[in-house]
Amino acid sequence: MCGIVGYAGPRDVYEILLEGLKRLEYRGYDSAGTATFHNNEFQITRVVGRISGLASKLSQNRVAARIGIGHTRWATHGAPTEQNAHPHLGGEAELALVHNGVIENFDHLKASLIEKGYVFHSETDTEVIAHIIDACFQEYRSKVKNNGAASCEDGVEILMEALSQLRGTYGIAVVFKQWPDTIFAARLRSPLVIGIGSNEHFLASDAAPLIGHTEKIVYLSDNQLAMIQADKLKVFHRDAGVVNHSVKTLDMESTDVELGHFQHYMLKEIFEQPRSLRNTMRGRLCDDDATAVFGGLNLTPQELRKIKRIVFTACGTSWHSALVGEYLFEDLAQIPVEVEYASELRYRNPPMDDDTLIFAITQSGETADTLAALREMKRQGHMTMAICNVVGSSIAQEADGGVFLHAGPEIGVASTKAYTSQCLALTMLALYFGRLRHLSYNKGRRLIEKILALPDAVEETLGVNQLCKQIAEKYADANNFLYLGRHYNFPTALEGALKLKEISYIHAEGYPAAEMKHGPIALVDEQTPSVFVMPQGFIYEKVLANLQEIKARRGPVIAVAAEGDDRISQVADDVIFIPQVDDFLQPIVTVIPLQLLAYHIAVIRGCDVDKPRNLAKSVTVE
């Protein structure tokens, strides 16, 4: 996994590459590098570590160049070393290449290339691609040696021949010495976006580096290749030759990817949640019909009424939002729901009727396991929907229909605003499906009234930030945490535990509160805080009894409770009070203090909040 950038045009290529890589650093930050072309030679600069190190090295080692490619890496094949960092050279430095993805047959290809005399300088599968392309280039050059100069489109043919030998996933950018004014790009299950400027073109693995440079973009699809020059763009398909490319509008502002006055992107994105929730619901609630409105489901109400079962499939934080969706759909729409890890679903063969609808939930739209599960379900003939935050992403393109979150770019690796927007989208979908079935007009109107008030409740909840910081100072040295909730707030407990694990490296587990007595209560001691998610609701008394079981064993308790709860302060060591909302909206409000608690603990422990170790934002490899 990685971030890819490229530029062809009149501006200083290093400024464009470095700015783009900084915006993509959340996709990978083990190492970084650039390749530019000057005086008939490649200038390769690579470092281990962050983009700041690359910028420092380039300040001492840069040449005049107007075309280049760059890369920030999250290691898959080979450790994070300078030798394994991208770009890699092919053959006798005939080409430079950066790559995102995994080549599954690289061992076989590497052995064949070694027999042909190719020398490898890294442990990566990417260097295999570079040498495969060079081998095809050398074969092609020997054929046309006496037939004049080769054209740029010959480079596309060479790339097609090389890529046909690969098995796996790739998003690549290549510059040949033969055609030094051209970037060649290709993708298969790994995103690439092209930005169109005035006599300049940009390339990136997502849209973030293009913000502020252009509003016109082209999303490459699987099996497409692009020939990119300063003043020209051509798109090809491996089976159809030149194809017309569709130009989309990039609807983002530079402030969407800038920190502003915040110390970290995660904190910025936590505080953006009132706005992101409003954007997710904008235009989707119809008071007259007491229902939600979705333009992209691509199924008629009559077809949707025939759905007898729904399967949500997702990974990580999105899987937790799917659990919330299970409660919502079964409660509001009376439809049986199953929640499946995408990484497991793709290899299982569960019995599914024709009237089963699949929802793939993903922030990036590029999660490899979720994409593979969606493809497998499509292959079996099931209708598929996506709940996604990124327009033009692979999952958005391949699903039969779906819902965009409109939460805005999420840069912090630990998802916050995308999670709450997923939960809200699922809430509105449950309302919509419920109104198609048994949910009355009056109940629909009441639900809409509650949903519309939600962003204000989240805004009010953000006022606990300083209290969360104080509680974090008290417990930051703990080595283990337990997160406990019931019903709608059981997924919140899981999500709170995941946030703490991701960014502070503290071991944390989430459980249904009642399950503690069936084993996990053995973990309780005076050094292990338990975080109870327990706003007022029909199950409050049960959760309070579970809390007493922890206190009886001298475990410290942090409670997230509703304002006006006079009983909780008498038993919990620390209480975070939040606005009271209806049960079905509680997961969106109760998770806010858990996000803030995890954030402040990580800061106190000196962790890199936005770029936690071993993690990347978009998991585009299996």
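At 53% relative accessibility, N199 counts as exposed, because exposed means over 50% relative accessible area, buried under 20% and partly exposed in between, with a 1.4 Å probe and protein chains only. The model is predicted, so local features need pLDDT of at least 70 and side-chain atom pairs count only at pLDDT 80 or more, whereas totals for chains, interfaces and linings use all residues. Residues are numbered from 1 along each chain as its sequence is written, and side-chain values use heavy atoms, with hydrogens and water left out.

N199 sits in the loop between β9 and β10 (201-204). Helices (H or I, at least four residues) and strands (E, at least two) are DSSP runs, numbered from the N terminus. Residues up to four places away in sequence aside, N199 touches G9, P10, A230 and D231; contact means heavy atoms within 4.5 Å. The C-alpha atoms of N199 and C152 are separated by 18 Å, and the two residues are 47 apart along the chain.

T34, in strand β2 (residues 31-38), has 0% relative accessibility and therefore counts as buried. Apart from neighbours within four places in sequence, T34 has contacts that include Y14, L17, L21, I44, L54 and P87.

## Seven-stranded sheet

An open sheet of seven strands runs in the order β5-β6-β7-β8-β12-β13-β14, with antiparallel pairing. Two strands pair if DSSP finds at least two bridges between them. The edge strands β5 (88-90) and β14 (241-243) each pair on one side only. On average, neighbouring strands of this sheet are turned by 30 degrees against each other, direction ignored. Angles run from 0 to 180 degrees between N-to-C directions, and axes are lines fitted to C-alpha atoms, for helices over the stretch in contact.

Five bridges join β7 (residues 170-176) to β8 (residues 183-188) in the antiparallel sense, and Y170 has L188 of β8 as its bridge partner. Helix α4 (residues 126-143) packs on the sheet and touches β5, β6 (95-100) and β7, its direction making about 135 degrees with that of β6. Helix α5 (residues 152-163) also packs on the sheet, touching β7, β8, β12 (224-229) and β13 (232-237), and its direction makes about 150 degrees with that of β12.

## Pairing around β11

Strand β11 (residues 216-219) pairs with β9 (residues 193-196) in the antiparallel sense over four bridges. The bridge partner of V193 in β11 is Y219. Strand β11 is also joined to β15 (residues 248-249) by two bridges, and these strands run antiparallel; here K216 has T249 of β15 as its bridge partner.

## Helix packing

Helices α9 (residues 316-333) and α13 (residues 417-436) have axes 9 Å apart and pack at an angle of about 20 degrees. They are therefore roughly parallel to each other: angles under 35 degrees count as roughly parallel, over 145 as roughly antiparallel, 65 to 115 as roughly perpendicular and the rest as oblique. Their crossing is right-handed, meaning that the near helix is turned clockwise from the far one by less than a right angle. Residues in the contact include L328 and F329 of α9 and L426 and F433 of α13. The contact comprises 13 nonpolar, eight polar and no charged residues. Ala, Val, Leu, Ile, Met, Phe, Trp, Tyr, Cys and Pro count as nonpolar, Asp, Glu, Lys and Arg as charged, and the others, Gly among them, as polar.

The axes of α15 (residues 454-461) and α19 (residues 586-604) come within 10 Å and cross at roughly 20 degrees, with a right-handed crossing. L454, A457, V458 and T461 of α15 meet I588, V589, I592 and P593 of α19. This contact has seven nonpolar, one polar and no charged residues.
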